[in-house]
2 protein chains.
Amino acid sequence: MVSRPAGDRRTALLGAAAELFAERGYRSVLIDDIGRAVGTTGPALYRHFPGKQALLGAILVDVSERLAARGRDLVAGADGPGAALTALLRGHIEFALDEPALITVHDRELHHLTEEDRRRVRRLQRGYVEEWVGVLSQTRPDTPAPVLRAAVHAVFGLLNSTPHSRGELPRAHMADLLLGMGAAALAGPAADGS
Amino acid sequence: MVSRPAGDRRTALLGAAAELFAERGYRSVLIDDIGRAVGTTGPALYRHFPGKQALLGAILVDVSERLAARGRDLVAGADGPGAALTALLRGHIEFALDEPALITVHDRELHHLTEEDRRRVRRLQRGYVEEWVGVLSQTRPDTPAPVLRAAVHAVFGLLNSTPHSRGELPRAHMADLLLGMGAAALAGPAADGS
DNA sequence: CACCCATGTTAATGGTCACTAACATCGGCG
DNA sequence: CGCCGATGTTAGTGACCATTAACATGGGTG
């Protein structure tokens, strides 16, 4: 049990592949690159996944599930819509700062998935967005849902910019900056498109 | 001169390739797909570009140059930093709404370029960012440049989210929404990371 | 101790492309 | 009119690369 840690290699593959995919893009990463990154050769991958595409699928489904679940939990545990919104912002920012590779791959490689995986990931993403929209619609009951949805996508773009600002600022500072900007963007006076 | 419009096919190739690259990613788009999109076969491309990579290079260099040039002009022609900032926001939003494919490809396919093209594009991008930073540093002279740079990247993420919200809102409404959110994010009280 | 399963390794194999060759077509200009 | 350059077309061709085959290896368990 200790000498052969269950799922260890599998987890390593998921992590290494995510890094590589984020950096070079799915098609440009070779099976052998992934193997080398975890100390094996390429074909060893097939002992853990049906293939390269399935590996990408596992990565994307996992991220989407984690984001959606975290969103649900944060909202459920928050004391009112204002607190919920702050919690969502903090949670997403933490995720984006901790896992820039996953954030990057998440919205870049969707089209390389199986129809089925793609549907699944999209459903989860939609659920996460609706979590945000639900909270926002409480703080701005006068703003129509489509506008809120667009605003949420825009804020995601803002928060997910992290990979572009790699290392420009210390992490805590970056987190504060993103929180302030995100909150301001969502509370902004023109958010109803007047 | 009229019967054989100079560079017409070339321009069509640039546009069609940009759409396809944005939709499926550089590596997944075949020479033949690009040819078919402009009413020829694949290899006809070589009459206009040295190869697929050079075509991508032409696209990215062109976008970067247009953005940088427009940024320079807008700032130069603006009446004070406040007006300059609004002009930059409007200009970028217009671009993002008019050319979502270019916006998408712009920051997704950089690593498929020649070293030389990549350097050139990056230099242009940097210049554009510094244009924004320069304006911002006038409206918030107390905020250090690295923070402003991170804030600018974040606002780009926000504005460039357009491709994710395709058709959710009428164009003018979307433009207003993005302008309001972008301005709020950049004016936000926490933009100094307090 | 012997067997077996989990994991790996190296060497095919087969498909998929970008790119090149060889061969049209056609409009303008001498 | 006949040549020429620009632009295309249809067949290679040669790399590249995911996947599979065939063959280890080594630790845990009966």
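A salt bridge is taken here as a side-chain nitrogen of Lys or Arg within 4 Å of a carboxyl oxygen of Asp or Glu. In the predicted model, A:R149 and B:E168 form such a pair, with 3.8 Å between the closest N and O atoms. Across the interface of chain B and chain A, 2 salt bridges are found. The same rule-based survey of this interface gives 12 residue pairs in polar contact, with both residues at pLDDT 80 or more.

On the side of chain B that touches chain A, the elements contributing two or more residues are α1 (8-24), α5 (100-108), α7 (145-159) and α8 (171-187) of chain B. By class, the residues of this side comprise 17 nonpolar, 13 polar and 9 charged. The contact draws 39 residues from chain B and 39 residues from chain A. The size of an interface is often expressed as the accessible area lost when the parts come together. For chain B and chain A, about 3100 Å² is buried between the two, and 63% of this area lies on carbon and sulfur atoms.

A:S28 provides a detailed view of one site. This residue belongs to the loop between α1 (8-24) and α2 (31-37) of chain A. A:S28 counts as buried because its relative accessibility is 15%, and the cut-off for burial is under 20%. With residues up to four places away in sequence left aside, A:S28 touches A:D33, B:R27 and B:H112. With B:H112 there is also a polar contact, made between the two side chains at 3.0 Å.

The protein surroundings of DNA strand D were examined next. The surface near DNA strand D divides into 7 nonpolar, 5 polar and 6 charged residues. Among the atoms of DNA strand D within 4 Å of the protein, 64% belong to sugar or phosphate, and the rest belong to bases.

Several individual approaches to phosphate oxygens of DNA strand D can be described. In the side chain of B:H48, an N or O atom is 2.7 Å from a phosphate oxygen of DNA strand D. A:I31 instead places a backbone N or O atom 3.0 Å from a phosphate oxygen of DNA strand D.

Notes: Residues numbered from 1 in each chain as written. Chains lettered and ligands numbered in written order. Predicted model: local features only at pLDDT ≥ 70, side-chain atom pairs only at ≥ 80, totals over all residues. Heavy atoms only, no water. Contact = heavy atoms within 4.5 Å. Buried area = accessible area lost by both parts, 1.4 Å probe. Polar contact = N/O pair within 3.5 Å; in protein donor to acceptor, adjacent residues only side chain to side chain. Helix = DSSP H or I, 4+ residues; strand = E, 2+ residues; numbered from the N terminus. Nonpolar A, V, L, I, M, F, W, Y, C, P; charged D, E, K, R; others polar. Buried < 20%, exposed > 50% of the residue type's maximum accessible area, 1.4 Å probe, protein only. Near = heavy atom within 4 Å.
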